[in-house]
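Hello,

Please find the structure below. My notes on it follow.

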Amino acid sequence: MAAGISFVKKLLEACLTGFAIAFGVNLFVFPISSRDVVFKDASAYIKALQSTLKALTGYLQTLEDKD
């Protein structure tokens, strides 16, 4: 019986320690979801593609003017 109670005490102590560490990390680390990071990167990629297409369109128009 004593071994079971000792085991439960150690298990409870481990769980509470884990909760305390998680709480501390939550306070000191600013949470950012990976979804936000992906959306920001995707929007930057789309803007870069748009600017590339505008530059290509301008270049092709200059080729048409010279002929």
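In which helix is Gly4 found? Gly4 belongs to helix α1. Before the rest, a word on the source: this is a predicted model, in which local features need pLDDT of at least 70, side-chain atom pairs count only at pLDDT 80 or more, and totals for chains, interfaces and linings use all residues. Residues are numbered from 1 along each chain as its sequence is written, and side-chain values use heavy atoms, with hydrogens and water left out.

Overall form

The protein has 2 helices and 0 strands. Both kinds of element are DSSP runs numbered from the N terminus: helices are H or I with at least four residues, strands are E with at least two. The radius of gyration is 29 Å, whereas a compact globule of 67 residues would have one near 11 Å. That radius is taken over C-alpha atoms, and the globule rule is 2.2 Å times the number of residues to the power 0.38. Along the principal axes, the C-alpha atoms fill a box of roughly 95 × 20 × 10 Å.

Surface and charge

Of the 67 residues, 1% count as buried. Buried means under 20% relative accessible area, exposed over 50%, and partly exposed in between (1.4 Å probe, protein chains only). The protein exposes about 6,500 Å², with carbon and sulfur atoms supplying 70% of it. These areas come from the Shrake-Rupley method with a 1.4 Å probe; for residues, only the protein chains shown count as cover.

There are 7 positive and 6 negative side chains, and the centres of the two sets lie 17 Å apart. Lys and Arg count as positive and Asp and Glu as negative, while His and the chain ends are not counted. Each charge is placed at NZ of Lys, CZ of Arg, CG of Asp or CD of Glu.

Helix α1

Helix α1 covers residues 2–28 and includes Ala14. Ala14 is partly exposed, at 48% relative accessible area. From Ala14 to Ala2 the separation is 12 residues in sequence and 18 Å in space, C-alpha to C-alpha. Gly4 is also partly exposed, at 38%. Gly4 and Ser33 are 29 residues apart in sequence and 41 Å apart in space, C-alpha to C-alpha. Ile21 lies in helix α1 and counts as exposed because its relative accessibility is 54%.

Helix α2

Helix α2 spans residues 34–66 and holds Gln50. At 46% relative accessibility, Gln50 is partly exposed. Gln50 and Leu12 are 38 residues apart in sequence and 56 Å apart in space, C-alpha to C-alpha.

Regards
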